[in-house]
Amino acid sequence: MARYDLAVIGSGQGGVPLAVDAASQGRSVVLFERGAFGGTCVNVGCTPSKAFLASAHSAGRARRTAEIGVHCEVRVDAPAVLQRVRRIVGVWREGVEEKLARSAVHVVRAEASFDAPHVLRAGDDTYEADVVVIDTGTSAAIPDLPGLAGTPYLTNANFFLQDALPKHLIVLGSGYIGLELGQGAARLGSDVTVVTPDDRLVAREELDTCSVLTRALARDGISVLLERRAVAVAHDDGRFEVTLDDKTVLSGDGLLIAIGRRPTIPAGTVERAGIALDARGFVQCDEHLQTSVPNHYALGDVAGQPQFTHVSWEDFRRLRSIIVGDRSRTRSDRVLGYAMYTEPQVGRVGMTRDDAQKAGIPCRDVTYQLADVARGIEWNLEDGFFRLVVHAQTDAILGATFVGYEAGELIHVILAHMEAGSTWRTIERSVHIHPTFAEGIPSLARLLL
Ligand SMILES: Cc1cc2nc3c(=O)[nH]c(=O)nc-3n(C[C@H](O)[C@H](O)[C@H](O)COP(=O)(O)OP(=O)(O)OC[C@H]3O[C@@H](n4cnc5c(N)ncnc54)[C@H](O)[C@@H]3O)c2cc1C
Ligand SMILES: NC(=O)c1ccc[n+]([C@@H]2O[C@H](COP(=O)([O-])OP(=O)(O)OC[C@H]3O[C@@H](n4cnc5c(N)ncnc54)[C@H](O)[C@@H]3O)[C@@H](O)[C@H]2O)c1
């Protein structure tokens, strides 16, 4: 049996840098990857979806320029869009492969399972490691719908492998993937119908975030069916028929499933290694990302945290210290932000007012509409708002929601202030450049005076 200091299962966003870093420190490392190098983000997640949206949003913006007196004719070459997406994915994937090849990491291109604590199997070979890190991510949750199995439905795993886009795409789910890919497909020429059991889009976000997105999606011609569930699927001669619980039957040539993600747990994790899972089936971890078995850790999506690439990557920076005994960093010692790349975008960081109130924190919140920001008016990009939530007594910044053009970039102003520990009064004093969207941020803080 081969013996290593560290074994990493999965070549996701945290696993690769962790393995390469440990090997560069002279430790013996083995990394297992059963699929494509780079995991979800590179192959079937952030990279392809954002490259896809670059084309889609270019088309969407061009269609709106007529409102400011410039008339564009938009012609979409969907096969070329999808080829570009795959080319960009290929470059990133090769980059990960080369990074591993340049390192002293022993890469095993096979599925790993646990034989026992510290003992992994891939094919006929077994590997023993002092420390094991599980970075196996998630995959699309598939509903148990009569008629669905065996049909050529889409998930994020095969969406970008299409040669062309469906004429009518039915999307189940109105979260990040449903709305990003749904709006993307609509802007590139598909008729899109989104179905969700929720009473609004992106139901985990605040009500007015959902309202702005609802208006934007309607402008793109997307039909949204709220509070409805698919109950059966049929597929014949290239067409899907999706029956909903109110007896509506939707017909389309594409069906995208985007209803959330399920953790990928290596075989033997529970039964042979004794590693506990949480109530949702993710690997149960403590603040130091350690599982219920000493010297066995998990990171990224599979550790049951917010599912973002920057979380997985940041876990690597914590774990590289933790596994050599420095426990000063924890999984929650970070200001967490995220963005949704619809147009308008949603940028979030920290707590909403609801979060603060549920936690019993006395808070104040203020909202500034982009229709009051000069740049928004001048550029015809008035949809959205900036919201700030602050501690009512200490003035600390608790969180923010930005909805609007490049809100995912602008939210970093607040993220940086939170990381620096400044209060809203520092933002209020700041002089931002005119005329920018960021100019609205001190104006927002001044509403607290
Ligand atoms: C469509 C889509 C768009 C997204 N967009 C964004 C975005 O814009 N921004 C953002 O921050 N996040 C985004 N995400 C989320 C982000 O992709 C994930 O949070 C991130 O990739 C998780 O990384 P990870 O390291 O946890 O695991 P992953 O990247 O999922 O890597 C897990 C790896 O483990 C391998 N593996 C699994 N089991 C085994 C086994 N037994 N043996 C060997 N190998 C195994 C898999 O093949 C995979 O390569 C998106 C996700 C999707 C699906
Ligand atoms: N921009 C980004 O950072 C980004 C982009 C895409 C994905 N992601 C990550 O990937 C994760 C998964 O995305 P997602 O969109 O699959 O999940 P999600 O959790 O964001 O949304 C799931 C949606 O599906 C709905 N739903 C649940 N069961 C359903 C059913 N049976 N039929 C129809 N709808 C149903 C939910 O109500 C919800 O609207 C996200 O939570 C996020 O962490 C991030």
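Author: Helices (H or I, at least four residues) and strands (E, at least two) are DSSP runs, numbered from the N terminus. Helix H2 (39-44), helix H3 (46-64) and helix H8 (309-322) each supply at least two residues of the shell around ligand 1. This is a predicted model, in which local features need pLDDT of at least 70 and side-chain atom pairs count only at pLDDT 80 or more, while totals for chains, interfaces and linings use all residues. Residues are numbered from 1 along each chain as its sequence is written, and chains are lettered from A and ligands numbered from 1 in the order in which they are written.

Reader: Which residues come nearest to ligand 1?

Author: A residue is near a molecule or strand if its C-beta atom, placed from the backbone, lies within 6 Å of it. Around ligand 1 there are 35 residues, of which Gly10, Gly12, Gly39, Gly137 and Gly300 come nearest.

Reader: Which residues come nearest to ligand 2?

Author: Gly173, Gly175, Tyr176, Ile177 and Gln307 come nearest among the 27 residues around ligand 2.

Reader: What does the database record list as a binding site?

Author: UniProt positions are given in the numbering used here, feature names are shortened, and annotations may be inferred rather than shown by experiment. Under "binding site", an unreviewed UniProt entry lists Gly173, Ser174, Gly175, Tyr176, Ile177, Gly178, Leu179, Glu180 and Gly260. These residues are spread over 88 residues of sequence, yet they cluster in space, with a largest C-alpha distance of 13.5 Å. For "domain: FAD/NAD(P)-binding", the unreviewed UniProt entry lists residues 4-313. Over residues 4-313 the chain is 30% helix and 24% strand.

Reader: In what order do the strands of the four-stranded open sheet lie?

Author: In general, strands of a sheet pair through backbone hydrogen bonds, either parallel or antiparallel. Two strands pair if DSSP finds at least two bridges between them. The open sheet has the order S10-S9-S8-S14, with parallel pairing. Its edge strands, strand S10 (223-225) and strand S14 (254-257), each pair on one side only. From one strand to the next, the twist averages 20°. Axes are lines fitted to C-alpha atoms, for helices over the stretch in contact, and angles run from 0 to 180 degrees between N-to-C directions. Within the sheet, strand S8 (residues 168-172) and strand S9 (residues 191-195) run parallel and are joined by five bridges, with leucine 169 opposite valine 192 in S9. H6 packs on the sheet, touching S8, S9 and S14, and its direction makes about 160° with that of S9. For such packing, two residues are in contact if their C-beta atoms, placed from the backbone, lie within 7 Å.

Reader: How many residues lie between S11 and S12 in their hairpin?

Author: There are two residues between S11 and S12, and aspartate 237 in the turn has a positive phi of about 50°. Strand S11 (residues 230-236) and strand S12 (residues 239-244) pair in the antiparallel sense over six bridges, and aspartate 236 stands opposite arginine 239 in S12. S12 is also joined to strand S13 (residues 249-252) by four bridges, and these two run antiparallel. The hairpin of S12 and S13 has four residues between the strands, and lysine 247 takes a positive phi near 80° there.

Reader: Which residues are joined by a cis peptide bond with omega of about 0°?

Author: Glutamate 343 and proline 344 are joined in this way, and proline 344 lies in the loop between S17 and strand S18 (345-350). Another cis peptide bond, with omega of about -5°, joins histidine 434 and proline 435.
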